[in-house]
Amino acid sequence: MTNKIENVEPQKQKYSVLVNAIVVRDGKILLCQRSMEEEHVPGKWCPPGGKLEETTRVVGALQKTAQREVFEETNVEVEDEMRLLINNTFRHDEDDLLVLAVVFMCRYKSGEAKPMEDTIDVKWITEDEIESVQFTHPSVKDYIVKAFEAVRAGLF
């Protein structure tokens, strides 16, 4: 019995790097409500974020993306110093896209939070309000819970 091995080209993997920024101010965390025109989970809440577009050193590119996305979506500026909260991977079922999500904790620097690009509302929430928010995904709620734990522990 012989096994015939076919020369098959490996399938190219589609992937994206998503950067989220959990902005902390006076013990509260900033969330954005996604526009109803968004293809992915319109009208749901999440921390500001977006896809990596920089082509420079990895850490610097991720942090610049976080700062840019916070400002573009909420009109808020954050401090340069950030703390990596979590990173994980998941797959978008709709388009079979592999996503690497990187979530930073950031300190508020300046600006009045207001809805901007791709958002219809913004709000600062307390830890007690977590259960009343319709998040984009259960993992996003987990990020927020973990961020509040870090704030309570004085780690950020």
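**View A. The hairpin of strand 1 and strand 2.** In the hairpin that strand 1 and strand 2 form, two residues lie between the strands, and aspartate 26 takes a positive phi near 50°. Strands here are DSSP runs of E with at least two residues, helices are runs of H or I with at least four residues, and both are numbered from the N terminus. The structure is a predicted model, in which local features need pLDDT of at least 70 and side-chain atom pairs count only at pLDDT 80 or more, while totals for chains, interfaces and linings use all residues. Residues are numbered from 1 along each chain as its sequence is written, and side-chain values use heavy atoms, with hydrogens and water left out. Strand 1 and strand 2 pair in the antiparallel sense over two bridges, pairing being assigned if DSSP finds at least two bridges between two strands. Arginine 25 has lysine 28, in strand 2, as its bridge partner.

**View B. Strand 1 and its other partners.** With strand 6, strand 1 pairs in the parallel sense over ten bridges, and asparagine 20 stands opposite valine 103 of strand 6. With strand 4 (residues 49-51), the pairing of strand 1 is antiparallel and runs over three bridges; here valine 19 has glycine 50 of strand 4 as its bridge partner. Strand 1 is mostly covered, since eight of its eleven residues are buried, where buried means under 20% relative accessible area with a 1.4 Å probe, protein chains only.

**View C. The largest nonpolar core.** A nonpolar core is a set of buried Ala, Val, Leu, Ile, Met, Phe, Trp, Tyr and Cys residues joined through side-chain atoms within 4.5 Å. The largest such core has 21 residues, of which Ile22, Ile29, Leu31, Met105 and Ile144 touch the most other members. At least two residues of this core come from each of strand 1 (15-25), strand 2 (28-34), strand 3 (45-46), strand 6 (97-110) and helix 2 (138-152), and helix 2 gives the largest share, six residues. A second, separate core of 17 residues includes Leu30, Cys32, Phe104 and Cys106.

**View D. Helix 2 and isoleucine 144.** Helix 2 has 15 residues and reaches 21 Å from its first C-alpha to its last, close to the 21 Å expected at 1.5 Å a residue, the expected span being 1.5 Å times one less than the number of residues. Its buried residues are Ser139, Val140, Tyr143, Ile144, Ala147, Phe148 and Ala150. Leaving aside residues up to four places away in sequence, isoleucine 144 touches Ile22, Ile29, Leu31, Pro47, Ile125, Ile130 and Phe135, contact meaning heavy atoms within 4.5 Å. Glycine 154, whose phi is positive, near 75°, follows helix 2.

Note on methods:
Buried < 20%, exposed > 50% of the residue type's maximum accessible area, 1.4 Å probe, protein only.
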